Amino acid sequence: MKVATAHGPAEMVLDVVDDPAFLLVLTHGSNGGVEAADLLAVRAEALRLGGAVARVTQPFRLAGRRAPGPAAKQDEAWLEVVAVLRKRFGDVPLVQGGRSNGARVACRTAAAAGAAGVVALAFPLHPPGRPEKTRVDELRSAGVEVLVVNGDRDPFGVPDPADAAQVTILPKERHDLGKDPAAVGRAVEPWLRRWAARPMRTGRE
């Protein structure tokens, strides 16, 4: 389904379950889409745990652009999409996440979205070869617990264990986390299970 935002339409692919334990909202990287293997692996685990899943194609990608554009505009559009999902799914716990650039969006907007947690796949700590251009503040200032899953050979860098609630490093994986997507799902499953097991709601009153 399409969702109108101030910066163009976004698109959501929804997997709906009866009485969802939580809502997981995922998005893509700068050059990819919501069919990325690691995103699908996380989706599968969420559905197995009784969560509903929304995979969001952001306006810049739906318009055919590879560059995300200004972070403020990207975040504003993301929050508009999340607001639509909140109305549909009510006060179930919201977990948001994505891969690469999408992980950055999820971290930057977590507090404003009222998220219970963030799943950050292949978080791009810095541009390749430029460690001085660190984005670590986006992780540290998320305002909620963040799970990072990165490959140990990622040219965009690997966050330090102190930078998030949990940092899981997968051996022999690069930025696409494509060598063993199932391992990505296994890494995220215990994290998602925490919300699947919680009887209390965490949405806005």
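The following legends describe an overall view and several close-up views of a predicted model.

**Figure 1. Overall fold of the chain.** The predicted chain contains six helices and eight strands. Along the sequence these elements are arranged in the pattern β-β-β-α-β-α-α-β-α-β-α-β-β-α. The chain is as compact as a globular protein of 205 residues, because its radius of gyration of 15 Å is close to the 17 Å given by the globule rule for that length. Along the principal axes, the C-alpha atoms occupy a box of roughly 45 × 35 × 30 Å. Of the contacts with a separation of 6 or more, 65% join residues 24 or more positions apart.

Figure 2. Of the 205 residues, 52% are buried.

Figure 3. Asparagine 150 belongs to strand S7, which spans residues 145–151. With a relative accessibility of 0%, below the 20% limit, this asparagine 150 counts as buried. Its side chain has polar atoms placed against the backbone of two other residues: one lies 2.9 Å from the backbone nitrogen of phenylalanine 123, and a polar atom of the asparagine 150 side chain also lies 3.2 Å from the backbone oxygen of glycine 157. Beyond residues up to four places away in sequence, asparagine 150 touches Ala122, Phe123, Gly157, Val158, Pro159, Thr168, Ile169, Leu170 and Leu177.

Figure 4. Alanine 122, one of the residues touched by asparagine 150, is located in the loop between strand S6 (117–121) and helix H5 (136–140). Its phi is near 50°, a positive value in a residue other than glycine. Alanine 122 is buried, and its relative accessible area is 0%.

**Figure 5. Serine 100 between strand S5 and helix H4.** Serine 100 occupies the loop that connects strand S5 (94–99) with helix H4 (101–113). Although serine 100 is not a glycine, its phi is positive, at about 55°. The relative accessible area of serine 100 is 10%, and the residue is therefore buried.

Figure 6. Leucine 39 is part of helix H1, residues 37–48. This leucine 39 has 0% relative accessibility and so counts as buried. Apart from residues up to four places away in sequence, leucine 39 touches Leu26, Thr27, His28, Gly33, Val34, Gly98, Arg99 and Leu121. The C-alpha atom of leucine 39 is separated by 9.8 Å from that of leucine 177, although the two residues are 138 residues apart along the chain. Leucine 177 is also among the residues that asparagine 150 touches.

Figure 7. Glutamine 74 is found in helix H3, which covers residues 71–89. At a relative accessible area of 5%, glutamine 74 is buried. When neighbours within four places in sequence are left aside, glutamine 74 is in contact with Gln58, Phe60, Pro68, Asn101, Val105 and Arg108.

Key:
Residues are numbered from 1 along each chain as its sequence is written. This is a predicted model: local features need pLDDT of at least 70, side-chain atom pairs count only at pLDDT 80 or more; totals for chains, interfaces and linings use all residues. Side-chain values use heavy atoms; hydrogens and water are left out. Helices (H or I, at least four residues) and strands (E, at least two) are DSSP runs, numbered from the N terminus. The radius of gyration is taken over C-alpha atoms; the globule rule is 2.2 Å times the number of residues to the power 0.38. Buried means under 20% relative accessible area, exposed over 50%, partly exposed in between (1.4 Å probe, protein chains only). Contact means heavy atoms within 4.5 Å. A polar contact is a pair of N or O atoms within 3.5 Å; within protein, one must be able to donate a hydrogen and the other to accept it, and residues adjacent in sequence count only if both atoms are side-chain atoms.
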